[in-house]
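Dear colleague,

I am passing on the structure we spoke of, and below it you will find notes on what came out of going through it. Please read them with the structure open beside you.

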Amino acid sequence: MSIANIVVTLEKLEKMHKSLLELALAKTEYIKQGDMEKLDQLIKNEQSHVAAINTIEQQRQVMVTDYLRAKGIALTDTPSVADVITAAENSESTQSLVSVRERLVELLNQLKMQNDLNQKLVMNSLQFINITLDAMRPQQTEQFNYSGAQIRGNTEVAKRSFNEFKA
């Protein structure tokens, strides 16, 4: 396995994550607009992106593992691109690997920030819905069902004051 193949795989991951970031940006607008139909469709599209990213990520892990084994390097639990950079001999291919890795890390940070913003927007929307529902619900001050004691006219519980219950 060559470093060039790993670079190509990382570029595929970069492309998919860019697309996922564009979806996250669109999601922000749909959340702000409250457009649930478009948001639902976008989430389905997002799930297909995540599945594709997982497939490419598995390929990347296999390539990195094969490269490190070919170099005779003991593997850690999850061999990383950083391990390949450390083990690489060719400076030109190593430089392209470092470059694509840095771009991917930056893209992942942007995606994380956008997803955090989307999560906060959804939580704010849910809080607004809950406050609105609470304001619309009638306050229940009376008991609508009669208990056996109330039917017989024996309602001692209802006659007790609040201070009696605290003691």
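Buried residues, meaning those under 20% relative accessible area with a 1.4 Å probe and protein chains only (over 50% is exposed, and in between is partly exposed), make up 25% of the 167 residues in the protein. Please keep in mind that this is a predicted model, in which local features need pLDDT of at least 70 and side-chain atom pairs count only at pLDDT 80 or more, while totals for chains, interfaces and linings use all residues. Residues are numbered from 1 along each chain as its sequence is written, and side-chain values use heavy atoms, with hydrogens and water left out.

The protein has 7 helices and 0 strands, where helices (H or I, at least four residues) and strands (E, at least two) are DSSP runs numbered from the N terminus. Among contacts (heavy atoms within 4.5 Å) between residues at least 6 apart in sequence, 61% join residues at least 24 apart.

Helix α1 (residues 3-33) and helix α2 (residues 36-70) pack at an angle of about 160 degrees, and their axes are 9 Å apart; the axes are lines fitted to C-alpha atoms, for helices over the stretch in contact, and angles run from 0 to 180 degrees between N-to-C directions. Angles over 145 degrees count as roughly antiparallel, under 35 as roughly parallel, 65 to 115 as roughly perpendicular and the rest as oblique, and α1 and α2 are therefore roughly antiparallel to each other.

Within helix α1 lies T9, which counts as buried because its relative accessibility is 2%. T9 and R60 are 51 residues apart in sequence, yet their C-alpha atoms are 6.2 Å apart in space. Leaving aside neighbours within four places in sequence, T9 is in contact with I56, R60 and M63. By contrast, K38, in helix α2, is partly exposed, with a relative accessible area of 42%.

Not counting residues up to four places away in sequence, I3 touches Y67, V84, A88, S93, T94 and L97.
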